[in-house]
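Below are my notes as numbered points, meant to be read with the model open beside them.

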Amino acid sequence: MMEALSPGLYIVAGPIGNLSDLTPRAADILCRADVVAVEDSRVSAKLLRHAGAERPMVPYHDHSDAHVRQRLVERMASEAVALLSDAGTPLISDPGYKLVRDARAAGRAITTLPGPCAAIAALTLSGLPTDRFLFMGFLPAKSKARADALGEVAELRATLVFYESGPRLAASLTDMALSLGDREAVVTREISKTYEEVKAGLLTELAGAYGDAPPKGEIVVIVAPPGEAPAASQQDADALLADALERLPVGKAASEVAKATGLDRRSLYARALEIKGG
Ligand code: SAM
């Protein structure tokens, strides 16, 4: 006989494709929960079978009738209610936030069981900066709304993370290039599954690559932050060159300033000759 769980809400992260990614702790909670709130019972039944958890399921969505949520919150007073998504971490582009909000307001105990999340898995595969990122979820389906959403973050100095579907991928990549500039990006597909794929390139290159043949499966797009600060102005370059020419011959001064600013060395060399001559 398994020990009963304390009553409350248990937020259980499931796999994003590979059933073996279910953590032992998540499997244990699923086996001992009194009821499991799920998106799609056919999808969750497979995971529960894998975990050896023959537990009753109830459907839950944030747009479910408020009574459904209220009933679940009432049950949490005396029962262990596990919340499970079709894939990955509940609440992340998935139902649950209203359930957690109401459970907290009612003073119920809430426990989270961390685990797979496609956004984080994709970031780790991308090779793009991870120190600062913004999760954008799914972009709107209509191109104008998509451009507006992208415009809001175009200046943000952060890596951007998008969930996307195969049929919309090329159009979204094109809109991203138009609104964000032609940045480096990585398309990750079917992470942790048999046909996992990671493709890197400029947004326009990726849009071209996927334009003719929309890919199958589940997709996360990671987009690099905007480029470094704008190139140094002519005035800045002149000041740096004048300073360098005090210490160095023309060629070395041009090289030093080219390295510091990213400007073209030959142009800087010509400009250094003018300054020196003049
Ligand atoms: N809650 C999930 C999580 O923690 O990642 C996300 C659920 S959201 C409804 C589903 C989207 O997540 C998919 O359309 C896709 O963009 C992304 N996704 C889920 N599994 C994935 C996988 N194995 N590989 C790539 N993307 C995945």
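1. The model is predicted, so local features need pLDDT of at least 70 and side-chain atom pairs count only at pLDDT 80 or more, while totals for chains, interfaces and linings use all residues. Residues are numbered from 1 along each chain as its sequence is written, and side-chain values use heavy atoms, with hydrogens and water left out.

2. Val35 belongs to strand β2, residues 35-38. Helices (H or I, at least four residues) and strands (E, at least two) are DSSP runs, numbered from the N terminus. Val35 and Ala37 point one way from β2, Val36 and Val38 point the other way, and all are buried. Buried here means under 20% relative accessible area, with exposed over 50% and partly exposed in between (1.4 Å probe, protein chains only).

3. Which strands does β2 pair with? Two strands count as paired if DSSP finds at least two bridges between them. β2 runs parallel to β4 (residues 80-84), joined by 3 bridges, and Ala37 stands opposite Leu83 there. With β3 (residues 57-59), β2 also pairs in the parallel sense, over 3 bridges; Val36 stands opposite Met57 in β3.

4. Now the whole sheet: 5 strands form an open, parallel sheet in the order β3-β2-β4-β1-β5. Its edge strands are β3 and β5 (110-113), each pairing on one side only. Neighbouring strands are turned by 25° against each other on average, direction ignored. For angles, axes are lines fitted to C-alpha atoms, for helices over the stretch in contact, and values run from 0 to 180 degrees between N-to-C directions.

5. α3 lies across β2, β3 and β4, at about 145° to β3, and α4 lies across β1, β4 and β5, at about 150° to β1. How do α3 and α4 meet? Helix α3 (residues 66-75) and helix α4 (residues 97-105) pack at an angle of about 50°, with their axes 10 Å apart. That makes α3 oblique to α4 (under 35 degrees is roughly parallel, over 145 roughly antiparallel, 65 to 115 roughly perpendicular and the rest oblique). The contact, meaning heavy atoms within 4.5 Å, is made by Arg69, Leu72 and Val73 of α3 and Lys98, Leu99, Arg101, Asp102 and Ala103 of α4.

6. Leu22 sits in the loop between β1 (8-12) and α1 (24-32), and is buried, with a relative accessible area of 10%. Leaving aside neighbours within four places in sequence, Leu22 is in contact with Ala13, Gly14, Pro15, Ala27, Leu30, Leu47, His50 and Ala51. Leu22 and Leu47 are 25 residues apart along the chain, and their C-alpha atoms are separated by 8.7 Å.

7. There is another sheet to compare. Here 5 strands form an open sheet in the order β6-β7-β10-β8-β9, with mixed pairing. β6 (133-138) and β9 (197-202) stand at the edges, each with a single partner strand, so one side of each is left without a neighbour in the sheet. The twist averages 20° from one strand to the next.

8. Within that sheet, β7 (residues 159-165) and β10 (residues 218-223) pair in the antiparallel sense over 6 bridges, and Ser165 stands opposite Glu218 in β10. Helix α7 (residues 166-180) packs on the sheet, touching β7, β8 (184-189) and β10, and its direction makes about 150° with that of β7.

9. Is Glu190 buried or exposed? At 15% relative accessibility, Glu190 counts as buried, although it is found in the loop between β8 and β9. Setting aside neighbours within four places in sequence, Glu190 is in contact with Tyr195, Glu196, Gly217 and Glu218.
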